[in-house]
Amino acid sequence: GQSLPATPSQAETDGFNATKDALDAATGKQTKLTDDQLKQKSLSYQAAYNKALALAGQAATNALADYKSGSQANRPQGNGLDRQAYDKVQNDAAAGASDANNANSADTPASDKTPAYKTGYDIAKGVSDAENGKSKDNSANKDQEYTDAYNNFNDGKAQGESAKLTDSAPANADPATKAGFEYGQGIAALKNAQNPATANDPQGLTAKQQEGYDQAKSGYDLALSGQQAPTSPAAAVEGYNYAKALTDGASASTRPTQATGKDDLATEQKAYDDVQAAVAQAKSDARTSNPTPNDGSAHNKDVYDKAYAAALKAYQNSDPSATASSKGINNDVIGAAAFNAAKADGLKLQGANLFTNGSANNQSDPTITDGYKEAKQGYADALHGKDSQPNASDAYALGYNAASNDKSGFQSAENGTPDNSEAAKGAAAAIDAVKAAKGNVDSLSEINDSSKPAAYSNAYNAALEDAKQAARQGI
């Protein structure tokens with residue numbers, strides 16, 4: 001900032017050079033002169049050097065302390081020597097931080113750099129390595145400032161993940177702690193989001209919070225699409241692990257009581273609950289014209305919606321060989337789990353519906369056949385006034401409930417006083433057919449006449465079995 005007059009005296013020249021050397025010594029650009037070295041200089045140089053070194057040295061010390069605390073509280077006013085020293089130290093530290101943040105930067109700063117540069121480099125490198133999940137034990141950097149920054153970032157991150165998104169970092173937190181705190185808040189925002197699939201959820205994040213959120217979301221997406229786990233950055237790893245717990249819970253056949261591996265058990269259980277609720281709703285909605293997920297109470301709407309969409313396809317599916325992939329469910333672990341969970345149930349219900357509709361079972365798939373048989377059994381039990389079987393399947397319940405309108409007519413026919421219902425007509429026809437067979441009942445077979453109502457066909461077949469049994473017993 002200062003300059004010499006046009007024709008300086010020797011004392012002025014010595015004073016100018018001494019001030020410049022003192023500034024460089026204070027900011028670490030050159031080594032401070034020893035007492036012996038200083039004695040070899042002129043008295044004017046010595047006086048100027050000592051005065052400048054005292055002023056610049058204190059400013060440089062304050063600048064480095066302020067940099068470490070993330071402030072400029074002690075920045076001198078004006079543009080004097082102390083301001084020059086302060087700004088030089090802070091700029092050097094910032095340059096070191098910038099270089100440390102470059103891709104593939106070395107573990108340690110170059111040896112010919114100023115102490116301020118090295119401090120900035122060490123702090124930024126510690127933060128970067130912590131964020132990227134690199135073990136500090138594997139770093140060649142053993143400087144205390146690196147270690148402190150690494151540890152402070154991780155401590156702040158842990159605090160941030162447990163804090164509210166609107167909370168401020170701890171009072172007097174250094175930049176590494178503050179960065180970790182906000183980064184952790186971003187991770188927590190992803191884990192706590194009711195719908196992580198929504199691009200604008202949440203709003204109003206700081207840059208570091210957004211970074212933590214975005215990186216966690218990238219890991220989350222990898223897990224939900226069935227990809228391999230990332231190794232860095234730390235938020236991506238955490239996002240992946242969170243979503244992995246979701247997929248493990250979604251794929252469970254029963255509500256988890258023990259965590260899978262290092263999963264969070266509560267996260268698994270919530271995902272299981274969301275998937276079960278979504279599958280149940282899809283089952284109910286499969287025959288409606290405009291099915292829409294009721295995800296308002298879901299722990300994670302993304303999980304619920306994926307499960308619902310896939311389960312709908314499963315319940316609307318009539319192809320026993322269908323897979324999640326053949327139904328367009330790709331790169332979706334939640335969806336595949338829900339489809340597979342609902343497919344067998346859907347096929348069984350398809351068989352049950354074939355029965356209750358009065359149709360023949362021409363399907364070779366054993367699951368469809370099981371559903372048909374279970375519905376038939378439920379129907380027969382209800383017609384004969386039996387209680388519904390405990391813990392009965394939905395297929396059985398469909399058949400049992402289908403008999404509610406047929407029971408009276410069926411029993412009237414079996415009692416020899418058929419009313420005018422389709423069930424009574426069918427049952428009476430079966431009884432008459434057995435009587436006409438005059439003992440040759442094995443030649444009689446069930447009917448599945450599409451021209452007849454389901455009540456007629458189903459009551460006929462149920463009465464036929466009863467009448468054949470009675471005939472064999474000579475009743």
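Reader: What share of the 475 residues of the protein counts as buried?
Author: Happy to start there. This is a predicted model, where local features need pLDDT of at least 70, side-chain atom pairs count only at pLDDT 80 or more, and totals for chains, interfaces and linings use all residues. Residues are numbered from 1 along each chain as its sequence is written, and side-chain values use heavy atoms, with hydrogens and water left out. Buried means under 20% relative accessible area, exposed over 50%, and partly exposed in between (1.4 Å probe, protein chains only). By that cut-off, the buried share of the protein is 44%.

Reader: What radius of gyration does the protein have?
Author: The radius is taken over C-alpha atoms, and the globule rule is 2.2 Å times the number of residues to the power 0.38. The C-alpha trace spans about 140 × 35 × 35 Å along its principal axes. A compact globule of 475 residues would come near 23 Å, but the protein has 40 Å.

Reader: Which residue does a cis peptide bond join to serine 232?
Author: Good one to check! Most peptide bonds are trans. Here omega is about -10°, and the partner of serine 232 is proline 233.

Reader: Where is asparagine 104, and is this residue buried or exposed?
Author: Asparagine 104 has a phi near 60°, a positive value in a residue other than glycine. The residue lies in the loop between helix H4 (81-100) and helix H5 (115-131); helices are DSSP runs (H or I, at least four residues), numbered from the N terminus. Because its relative accessibility is 82%, asparagine 104 counts as exposed.

Notes
Helix = DSSP H or I, 4+ residues; strand = E, 2+ residues; numbered from the N terminus.
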